[in-house]
There are 2 protein chains.
Amino acid sequence: MKFCCHCGGSLKLIIPNGDNRERFVCPSCHHVHYQNPLTVVGCVAEWENKILLCRRAIEPRRGYWTVPAGFMENDETACEGAARETREEALAEVSTGSLLALVDVVHARQIHLFFRARMKTADCGAGEESLETQLMDEDDIPWNDIAFPSVEFAMRRYLEDRRRGVENLHMKEIKWRKRAK
Amino acid sequence: MKFCCHCGGSLKLIIPNGDNRERFVCPSCHHVHYQNPLTVVGCVAEWENKILLCRRAIEPRRGYWTVPAGFMENDETACEGAARETREEALAEVSTGSLLALVDVVHARQIHLFFRARMKTADCGAGEESLETQLMDEDDIPWNDIAFPSVEFAMRRYLEDRRRGVENLHMKEIKWRKRAK
C-alpha cells in the first residue's frame with residue numbers, strides 16, 4: 001500500500017493521534033487506510049445424508065476438495081454469502097441453518113464462518129471455480145485431500161454433531177497450515 | 001475510491017474477467033481492489049451479576065451507552081479483539097466465553113460478533129473513547145440510551161439466556177436504525 005486511493009498522495013506509515021498502532025495515512029487528505037481481517041463464509045450442505053463437496057479449479061489448493069466457501073461480499077448477510085458461494089461453486093440451492101464453526105485464521109487475516117445447510121433439491125454441478133462437485137457419503141470423504149484446515153475442522157465437527165443429534169457451534173484458532181483433526 | 005494504492009493509477013469500475021460484479025480495477029497494474037464487510041467484535045462482560053457498560057466519548061452516538069466493541073484488527077482472533085476492545089474502552093480485563101450473537105448490519109457493511117465474558121477483577125474505568133464506564137445491575141440498564149441496535153439485541157439475549165441458565169447463539173439481521181427488541 002503506497003498511494004492514497006482517495007487523492008493519489010503518497011502514504012506514510014504512522015500512528016495516528018488517538019490510535020495505538022501504525023496505519024497507512026495520507027499526509028495530503030489525512031485519510032487513514034485501515035486494514036482489517038476478511039470474512040470467509042461457507043456451508044456444509046447435506047442432501048439425504050450426503051455432503052456437498054467441490055474440487056477446486058483455482059489456486060490456492062487447486063485440485064483439492066472443499067465445501068463451498070468464499071469471501072463475504074458487501075450488501076449480503078453471512079448466511080446469504082454462504083448460500084451465494086454454494087450457488088456459484090456447486091450450482092446448488094441451499095437453506096442455511098445454524099452456525100457450525102467460527103475459525104480464526106490469524107496468519108491469513110481471515111475469519112471463517114461455516115453454516116449448516118440443507119440442499120433444496122439434489123441438483124448440483126461444477127461452477128466456474130470448481131473442477132467437479134460431488135454429493136459424498138461420510139465414508140467416501142477424501143480426508144487427505146481437503147483444501148484447507150478450517151474446512152476439515154468444520155466437516156469433522158459437523159459429522160460428529162450429526163451422529164450425536166446436536167448442533168453446536170465450534171470455535172478454533174488455526175495457525176499456518178497445520179492439520180486440524 | 002479513485003486511485004490505485006499500489007501504483008497510483010486511476011481506477012476504473014468494471015466487472016473483471018471471471019467475476020460477476022463491478023470492482024475497482026487498476027488498468028495499469030491490473031490490481032483488483034475488493035471491498036468487503038468489516039467485522040466488529042465486542043463482549044457482554046459480567047462481574048457479580050452486573051454488566052459492564054461504557055458511555056461513548058466519540059461519534060457516532062456520542063453520549064450513548066454500549067458494551068465494549070470495535071473493529072477487529074489484523075493479527076488477532078475475534079475473542080482477542082473483543083478482549084482488547086474491553087481493555088481499551090473500559091480498562092477492564094476479561095476472559096471471553098461462548099459466542100452470544102452474530103448480527104449482520106448489512107447497510108453498514110458490517111458483521112458484529114458479541115461474546116460472553118467474565119471480568120477478571122472488578123477494576124474498570126473510562127478509556128479514551130469512553131466518557132464513563134459502569135458496572136450496572138440489570139434493572140439499571142438505560143435501554144432508551146443504548147448506542148446501537150446490535151448492542152441492544154446482544155444485551156437482551158444475554159440477559160434472557162442468563163435467566164434461563166443457557167448460552168445460545170443468537171443470529172439477526174439489522175437494517176438501518178430500527179430498534180431490536
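Analyst: In this predicted model, Ile14 of chain B stands opposite Arg23(B), a residue of β2(B). The pair belongs to the pairing of β1(B) with strand β2 (residues 23-25) of chain B, in which 3 bridges join the two strands and the direction is antiparallel. These strands are part of an open sheet of 3 strands in chain B, ordered β1-β2-β3 with antiparallel pairing. At its edges lie β1 (12-14) and β3 (32-33) of chain B, each of which pairs on one side only.

Chain A is superposed on chain B by a rotation of 180°, with a shift of 0.0 Å along the axis and an RMSD of 0.0 Å. The two copies are therefore related as by a two-fold rotation axis. Both copies use the same surface, since 100% of the contact residues of chain A recur in chain B.

As to the contact itself, chain A contributes 31 residues and chain B contributes 31 residues. On the side of chain A that touches chain B, the elements giving two or more residues are β4 (38-47), β8 (94-105) and β11 (170-174) of chain A. Of these, β8(A) gives the most, with 3 residues. Sorted by class, this side of chain A comprises 15 nonpolar, 8 polar and 8 charged residues.

Terms used: Residues are numbered from 1 along each chain as its sequence is written. Chains are lettered from A and ligands numbered from 1 in the order in which they are written. This is a predicted model: local features need pLDDT of at least 70, side-chain atom pairs count only at pLDDT 80 or more; totals for chains, interfaces and linings use all residues. Copies are superposed by least squares on the C-alpha atoms of residues with pLDDT of at least 70 in both. Two residues are in contact if their C-beta atoms, placed from the backbone, lie within 7 Å. Helices (H or I, at least four residues) and strands (E, at least two) are DSSP runs, numbered from the N terminus. Ala, Val, Leu, Ile, Met, Phe, Trp, Tyr, Cys and Pro count as nonpolar, Asp, Glu, Lys and Arg as charged, and the others, Gly among them, as polar. Two strands pair if DSSP finds at least two bridges between them.
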